[in-house]
Every structure is written in structure tokens, then in C-alpha cells.
Amino acid sequence: MTAFIFSITGCSLLLLSPDIRTSNLVSFWLAAIIVLISMILIVGYLLGTPLFYGTAIIPPAMATSLAFSFLGVSLLLAAGFKAWPPRQTAYDGIRNGAGSILLLVFILLATGILATGYLYAQYQQKQFRSRTEVELDTIANLKIREIKQWRQERLKDGLVFFKNAAFSETIRQYQSGDVEAKRHLDFWLEKIILFPQYNRISLLNAAGVEQLSIPNRSVETVSEKTLDIGNAAETQQVFFLDFTRKDRDLPPCLAIVVPILSAPDWSELLGMLTIEIDPQEYLYPLLQNWPTPSESAETLLVRRDGDSVLFLNDLRFKNNAALNLRFPLTQRDLSAAMAVQGKVGIIEGVDYQNKKVIAAVQPVPDSPWFMVAKIDLEEIARPLRERLFGMTGLLCALLLGAGGLVGLVWRNQRANFYRLQYEAAMAVEESEKRLRLIFESSKDGILAVDMKARKFVVANEEICRMLGYGHDELLTMHLSDIHPAAALPAIAEQFERRARGEASLIVNIPMLCKDGSVFYADINATQIRLDDQNCILGTFRDITDRMQAEARIEHLNRVLRAIRSVNQLIVTASSVDELIQKACTILADRRSYISALIVLTDENDRPFAHAEEGAGVDFHHFIEQIKQGTLPLCCASAKKKGGIYLTRGKDTICEACPVASVCVSPQKMSILLEHQKTVYGYLVVRVDIDIAMDDEEEKLLIELAGDLAYSLHNMEAKKIMLRTEEEKKKLEAQFFQSQKMEAVGQLAGGVAHDFNNLLSIIIGYTDLLKEEGIAAASSEEAVTEIYDAAIRATNLTRQLLAFSRKQMLEMQVVDVNKVISSFEKLLRRTIGEDIQMRLIPTSEPVLVKADESQLEQILLNLAVNARDAMPDGGLLTIETACVVLDEAYVSGKPEVSPGPHVMIAISDNGSGMDKATRDRIFEPFFTTKAMGKGTGLGLSMVYGVVKQHNGNIWVYSEPGEGTTFKIYLPSVKEVNIPQGKHINKRKPSAQAETVLVVEDEPSLRKLACQVLMRNGYTVLESKDENDAITVASHHKEPIQLLLTDVIMPTMKGTEVYEKVCKFHPQVRVLYMSGYTANVIAHHGVLDEGVHFLQKPFSAESLLEKVYNTLRS
């Protein structure tokens, strides 16, 4: 050991260097090893403990160990001062250089002393434990040997009576009733009872019934003994009866059971002799005796009793424990339980007082007993602690000595240290004053919070002003009190990160003021220590103004980007709906505003279109209000306030607004869409963040609204231009169509008079031939064919006149519903049974002024067309309704006049028509039917009749989707609807009336005269108008009727009537003509109350008209 220490010392001296720091560090640590080893050796010798005896290490002498320690300390200081040279200040010297070296030296010395003390304590503890275990094991073995010997002695006492022929014979005689035998038996037993350990002897017969006892007691059956009768007879051996008691109040006892066998063969059991032993006399004192003084040592005798351990002896610290105290075997740390479960030797556990003990456990041979010799661990540790207290004092003395040694070295620096410390304290005080001035005058809030309690410990006036709390009030608060509840998790996470040193700057932190308001701050945090508390010092800078400015700038940038996108949209948008919807989407989707609403209005400021956008915004109430034709009040206010109106929160105008309850927004701006003093609508935007909408934003929105209004103006102008072009094309088409129609009409009107005269002659003479029946049967069919051909020619002429709107109409107020219902049967017969017909009339009468027969003709023609479009059957629907055509509907439709109309809709679900067919269906002679199936005049006639009634007809059809014709006729107010004229279907009979016939066509005049004369009329025939006047002036009898043509070469029919009236004032007039309605109207014939007969006519129609005129 000495050589080893010298080697280390030499290495340390050799490594000392004036300028090589690494070499000095190695020298320093070698010196530290020397000091540590020498201290261990010194402490070992001082304690008298041969630390290295028994090993190959030979320790040096005490003086040598002291020399080594001083040498090591000297080398330690020398190498330390070279490795860590002193700094300039005393404070630095404490922390570094000499201070660090001296501190390290002291630590090494203390470590050596404490390490030696620890090793000594461990050694002493081991020695004490070992001595105690040996003592316990020795005592346990000693007591077991004594118990074993005591049991053997008691068994030997019992063997005196076992297989004893004399005693056996005495027992037999006693059981036979021999008095002498009883005397001898009492003598024997009284001798035995004199032994101090026996307290009772009893004799039991073979049945287990007690016959004799000493001392004498009442005979009773002992259950424990009775149970062993069979065992005694079977084993025929003397045995111990284990601890038992007859009653819980009686002390426990042992017994020796001696079976009494009959001599000489020893096969018959005569009875049993039980010698009861009182354990209090010998066994318990034997167990309670401890060879050495002890406060807790004790010997326990236990046995297993089922699933528990039963204590058999009285205990030192618990009274009446014998056969009463038991513990379950599940209490595995109980030393007694370990014993009965088979553990042998030294164990550590708890005793019956639940105190920690060390025990020696051994089974008692030839018995169910177990010996437990135990002593409390507390008693073992007490003398060890006393010795360790002394050793601790010695260690403290050594540590004080080491500290004194270090203090001697330190002494030279103290004066300079205190001087510099005073100077440093003055500097610190001055620095604190400056820092306090900075702290209090800082424009940033400063707070220090305890990292553990999270309670504020320091606060300046600025943070108090920011939060609105007093200084003392703020210092009673915690970190969670100055932040909103929603932000606390994030705040806690940032606090933990700063506590771990991960972050210093925390930005955009919400701060909760005393009044409930919130502002945002940037926090620069750092860890400090104040009054032995780990704290985080935070500097709070209010960034609310900066955030508002940034948000304001960002908001305006988004608005500018939105305006740019809207301007691009203005160039590309193709329709008004696209423009306003995409403009709203741009304003909302670019996060400029939370919602955008555009409402378009007409010249009366009534909304007619709208678009809206905004995620999570319910526009339902606004849309309902707009659909009702009512503007939101904020929009109306924008018009009154010069084009823009700003609403912040609940404005005064909101009180009367029907949607005020759902319109919740911090700010809302309504801007007028106006261009060239024309209002096109309104733009409403809403801002959800607290950004003041200033003049700059108002200008931007006004500019945006102007751009939108300009685009709407252009779109409207473009729309008007396109509509003008379309109307121009329509007017050109209508002009060309009217020219065609006019040409056809002129042609039809031109030939109508002459053609009707010819047809009247043909039809009239055919009627006469049929009436007189003068034609042969073979020619009757030819006459009928002539008549039918004339009728078809008449109808064709009427269709031409109807198409050209020049046919004669008998206008009167009719109920369209009644016309349809009265014509229903004919229509059903016409369309056939495979087509269903459904009528949907209005509940109220629908009145128009029309020619009823022409309305029926329209229904018939349209029903026939529908039938032809449904060859496989289908559904024909006729519907009526009262409608009002407003200005918007009639705009662009020059032929349509606004006002109330009656709508007649005829619909089918047939094959339908394409656009090319729809464009030509009203042209004359145009048909899609096969050759010979139609003339092409049916829809032309319908069109002409509708137009002649000042109505309109529209067609809606697609291929495969069916066709709907809608006819609009001007409605009239309810008047007394004339009942249908009474038509005399029988042949009228004359009453000798005189009829003056004026017709410039000889054949037609001759026909009319002949028909009238054949029916009893007196006829005056005139070839022209002058002749008629002459005849009237010379005819003395009254003339009841003037039948005259309307247009004649020199005079009109009305003029003729006026001149005839001069001679016959009572004369009535019946006009007839084959000209068109326009021509006749110029002659006043179509006035109300004037009777007229349209050519061509039949004989029957002539007679009927003459008869009705005379009777009217």
C-alpha cells in the first residue's frame, strides 16, 4: 500500500507544469486519490477497525498515513491553483480558481470521511446481526433439547404403570369391587400426585368412563380422552395427550395416557391411566426463561390447528394467550405462521404484536410443536445506533478539522473578499435603484409568476394599468385569472414550454382585464429566481393597436383583391344572375366580409332579383322579405343617406325591421348600386371582426358598387339592344306574314261577294229541288252531292275570311265555361272513345265578348288536331282561368294589351311538334297531315278568329311531350248574359207580309223571290235601288220587310232603307251581302240591333232570318 501511494505521489509531482493545464488536471486528480486513500486509512485506524486484515493488502502505519494525507493535500492545492488560476475579483475567486479548488479539496476529504463511516456502519450492522442470529439459534436449540428431555422424563413416569403385572392385577380387582385393591390403588396414585408437575391422576375403564381420580372429583367423560381410547387399545403404547382444556376458563393442561393391559398376554384393555400435567409448573417457566437480559426476547411454542397457527404457551406481552391466540396461515409475514409451514432457521417477519422481529425457528422432535425464539429488530438496532452516534461525532470532528484546514487557506482571501463584497453590494444597490426606475417607468407591463404556485410575485404599474387591477390586488391573483377561460389550455402549454426553456417569445396572447374586456399582448419571458423561488419574468407589450392595424391592412388588401376579381368578373360575366352571384361569392370567399347580399330593384325600387353568399349565415328571412317585394330598411336608408349607410350593432332603423332578430352583426354597410342617376339595386356586406369601416373602405365599396352598377347598366343596354333586334326581327316576320295574310285576305275578299252570290244560287235551287221532290230518284243523289259541294265551298270561303279576319261575327257577352260545357258532347263524339277528355273550368263564370259559334269552331278545330296527334289514344285537357297580363309580360309583344284576360288552355299528351313546325302552324295551307287529310286552314282559321276577337294564341310543344294551346281573350265585367236566341227549327209560316226584295244579281233575286212566294209572302221584286224606291212609292199597301243587298252600284243598302222608310215608316230591313266584314262595317250594317244575312245562304236560312226579323 505504501509503495502504491508513493508511486501515485511521484506521478502527481512529475505532472505539475506551469503552463500545461491538462497535465495539471491529471496531477490534481492523482493528488485527490492520495487524499482519499489516506483518509480511509486514518479513519480505519482511529476506529480500531482492521479494514484490510484478512486480505493481501498490508496497510501502512498511522504516522505514514498522516504524512500521506498532508502530502496529498499539498499536491492537491498546488495542482489546483495551476489548473484553475485565480480570477480578478473575490466573487470570481469563490466561484472559480482557488475557491473551486478549496471546495473540491473539502469535498474529497468529506467524501473520504463519510465513505469510511459508511463502511464502518455497514460492518457494525452486519456484526450485530450475526451475533443476534447465533444467540437466537443457540437459545432455540437449548430450549428444544430441554423440552425433549422433559417429554422423555414424563413418558418414563408413565412407563412405571405400563405392562406392570402387579398394577394390572390391582386394577382388575378394583374393577371387580375389591376394597383392598382400591386401598392399594389409592396409595400408588397418591405417591405419583406428590410430584410437583402432576396435578391430577384419573383411572378410566375400557369404555372411557372415569372410575377414580386423585384428587377426587366427580366422574365425567372427557371427550379428548375418550377419543384416544381406541388409539391406546390399538397402539398399546404410552403417549402424550397434547395441550387441551376442559373449559375456556380453566388453564390448559397436558396429559400422559397409559393403557392398562391385562396380564400376562397384555391383549385385553382394562382401562387407561391419565396423568395430567400442569404446564405452568415447569414447561411455561422453561419457555419464558431467557438466558440474557432482553426487553423483547421471547420463546413461543406453537402448533398448526387447521388453517391457523395456535399459540400453546402464555406470552410475555399478551395475557391468557395459551390455546386462545391464533392467526390464519395466510398472514405469511408472521414468524409463527412461517414456523408451522415448515420454515427452519433464522427468519425475519412480524410477531403477534405486528412488530418486526428476527427469529430462530425449529420443530420440537417427536411432537407437533414448533419453537420460535424471537427478538425485536428495534432492540437489536438500538446499541448499533448508540455506537453509530459516537462514530458520527467522530466523523463530524474530522469534517470540522477538514473544514478548519480549508478555512486556514481561505483566511488569506477573506479581507479582500469582504471589501470587494461591500463594493459589490454598493454596486448592486445602485444597480437595483436603476433597475427599479426602469421597472416602474417601463411602458411595457412586467409580471413575475411563481413557477410552482403560478401566483404573481412582482408587478409594475404599467401591467396594473393594462389589466385594471390595483398592485396589491394583482399580487393575490394567479396566472389563470388574467387570461380568458378558452385560452387557458394553450397558455398552460406555453408556460410549461417556457419552464423547460424551450421558448422565450410568446406572441398574440389574449389578456383578460378586470372589466371583462380582452386585449392581446406579446410576452417575452425568462426564468429568474426571486427570494428562493423559481419564477418566470414576463414583459407584456400591448399589441391590440398593432393587431387592429394589421387586421385593418389585411382586410383592405382582401377588399382590394376582391374588387380586382369583381372587375375581372364584370368583363367575363354573361348574365346578370352570374354577375351578382359570383360577385357575392368573391366578396365572401376571399374573407373580405363574412357575407354579401346583392338586391336588384326595378324603377319603382321593388326588388325582383337577389344573390347572397356567406358560410353559416341564414338568409332565409331576408329572401322571404325580398320575395314579398320589401327592401330591408338598411338598403332603403342607403338611398336616403347619399348612397351608403353604415350600421353598427343594433341601429335605430333595426327596431322596425322584420328581420332584426336574425340580423346580428357588429358592422353592416349598405351601398347603392347607381349609374347615371339610375338605381339598379343595393350591395350589403357584413364584417364580423371588430374593424372600423372608415372613409377609405367606404370609397372602395362605393367604387365597387359603381363598377357593378356600370356593368348592370351595360348588361341592361345590351339586353335592350338584343330585345330590340329580336323585336325588329319579329316585326319584320310579322310584317311579311301580314303582307301574305293581307294578300290572301284581299284575294278572299275580292272574290267573296261574287263567289257567295253564286253559292247562294246553287244552294237555294238545290233546296228547292229537294223540297219539291221533282228530281227523279236517279238524280236525287246528284242533287245531294251538289248541295254538299256547295256547303263545303261555303265553309272554305268562311275559313279564308276567318283567316283574313274579315268574316261576319255576332259578338255578345258569353260565359266560356258554359260554351265549353254545352259543346262537350259534340267534342267527345268528335275525338272518339279512345281519348279521355278532362275539363278544368274555373269555379266562377269567365266572361268574354265573342261570337259563340266561332268559339265552338276554335274548340272543334283544336280538338281535331289533338285527336290526330294521339292516334293511339291519350288525354285531352281543356282548362280555363282568369289571368292578368301585366306590363312586364306584354313588353316585347306589340299585339298583346295588358289587363284582365280569360285563358283557355287545350292540352294533349300526343306526339308534339319541333320548332320548325311550331313556327309555321298558323300559315294557311300548311299541314303535316297526309294528302287529302286536311286543307291546312284549320289552325289558320283559329288564329284569325282569335285575332278578330282581339285575343292572342300561343303554342307550347316539344317532340314526344305533347302540345298546349293557350288562348287569351279580353275579359269583360259581368253583365246580363243574353239567353240563347230562340231558333225556330220548324219551317216558318208567313202571315201575308209584304217583302220588297232589292238585289242587283238577277239569278239570286229571282231565287229569293221564288222562295218567299212559295212560303206565303207577298213579294215585290226590284232589279236595282232606284227601282226599289219607285216600287215603294207606288205601292199603296204596307210593306213589312225590306230585303236588300248592302252594296249596290249607285246606292248603299242603308240609303235605300232610309228612302223606303219615307213611304213606309213601319218597314223593317234585312241586309244581305257576300262581302267581307270590313267592307260591310263601313256601311253601318254591323251595328247592334241590325239584322244581317250572310251570303251564301240556303232557302231555310233565308226564311228563318226573314221570320225572325219580322218578329224581332
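**View 1. S202 stands opposite T274 in β5.** The model shown in every view is predicted. Strand β1 covers residues 198-205, and strand β5 covers residues 269-277. The two strands run antiparallel, joined by seven bridges. A second pair to find here is R200 and E276: in β5, E276 is the bridge partner of R200. How much of β1 is covered? β1 is mostly covered, with seven of its eight residues buried.

**View 2. β1 also pairs with β2, in the antiparallel sense.** Four bridges link β1 and β2. Look for L203 and then for L212, its bridge partner in β2. β1 and β2 form a hairpin, and four residues lie between the strands. G208 in this hairpin takes a positive phi near 90 degrees.

**View 3. N205 lies in strand β1.** Is N205 buried or exposed? N205 is buried, because its relative accessible area is 17% and the cut-off for buried is under 20%. Its side chain makes polar contacts with backbone atoms. The side chain of N205 reaches the backbone nitrogen of A207 at 3.0 Å. A polar atom of the N205 side chain also lies 2.8 Å from the backbone nitrogen of V209.

**View 4. Five strands form an open sheet in the order β2-β1-β5-β4-β3.** The pairing is antiparallel. Which strands stand at the edges? They are β2 (210-214) and β3 (239-244). Each has a single partner strand, so one side of each is left without a neighbour in the sheet. Neighbouring strands of this sheet are turned by 20 degrees against each other on average, direction ignored. Strands of a sheet pair through backbone hydrogen bonds, either parallel or antiparallel.

**View 5. Helices α6 and α7 lie across strands of this sheet.** Helix α6 spans residues 165-176. It lies across β1, β2, β4 (253-261) and β5. Its direction makes an angle of about 105 degrees with β5. Helix α7 spans residues 179-193 and lies across β1, β2 and β5. Helix α7 runs at about 145 degrees to β1.

**View 6. Another open sheet of five strands has the order β13-β12-β16-β15-β14.** Its pairing is antiparallel. The edge strands are β13 (456-459) and β14 (505-512), and each pairs on one side only. From one strand to the next, the twist averages 35 degrees. Strand β12 (residues 445-450) and strand β16 (residues 533-542) are joined by six bridges and run antiparallel. D450 marks one place to look: its bridge partner in β16 is C535.

**View 7. Strand β21 pairs with β17 and with β20.** β21 covers residues 678-687 and is mostly covered, with nine of its 10 residues buried. Strand β17 (residues 595-601) runs antiparallel to β21, and six bridges join them. V599 has Y682 as its bridge partner in β21. How many bridges join strand β20 (residues 667-675) to β21? There are nine, and these strands run antiparallel too. I671 stands opposite L683 in β21. β20 and β21 form a hairpin with two residues between them. In the turn, Q676 has a positive phi of about 55 degrees.

**View 8. Helices α24 and α27 pack at an angle of about 145 degrees.** Helix α24 covers residues 852-869, and helix α27 covers residues 938-948. Their axes are 9 Å apart. The crossing is left-handed. From α24, the contact is made by Q854, Q857, I858, N861, L862 and N865. From α27, it is made by G938, L939, M941, V942, V945 and V946. By class, the contact has seven nonpolar, five polar and no charged residues.

**View 9. The protein chain has 32 helices and 33 strands.** Of its 1112 residues, 46% count as buried. Now take the contacts between residues at least 6 apart in sequence: 61% of them join residues at least 24 apart.

Technical notes
Residues are numbered from 1 along each chain as its sequence is written. This is a predicted model: local features need pLDDT of at least 70, side-chain atom pairs count only at pLDDT 80 or more; totals for chains, interfaces and linings use all residues. Side-chain values use heavy atoms; hydrogens and water are left out. Two strands pair if DSSP finds at least two bridges between them. Axes are lines fitted to C-alpha atoms, for helices over the stretch in contact, and angles run from 0 to 180 degrees between N-to-C directions. Contact means heavy atoms within 4.5 Å. A crossing is left-handed if the near helix is turned anticlockwise from the far one by less than a right angle, and right-handed if clockwise. Ala, Val, Leu, Ile, Met, Phe, Trp, Tyr, Cys and Pro count as nonpolar, Asp, Glu, Lys and Arg as charged, and the others, Gly among them, as polar. Buried means under 20% relative accessible area, exposed over 50%, partly exposed in between (1.4 Å probe, protein chains only). A polar contact is a pair of N or O atoms within 3.5 Å; within protein, one must be able to donate a hydrogen and the other to accept it, and residues adjacent in sequence count only if both atoms are side-chain atoms.
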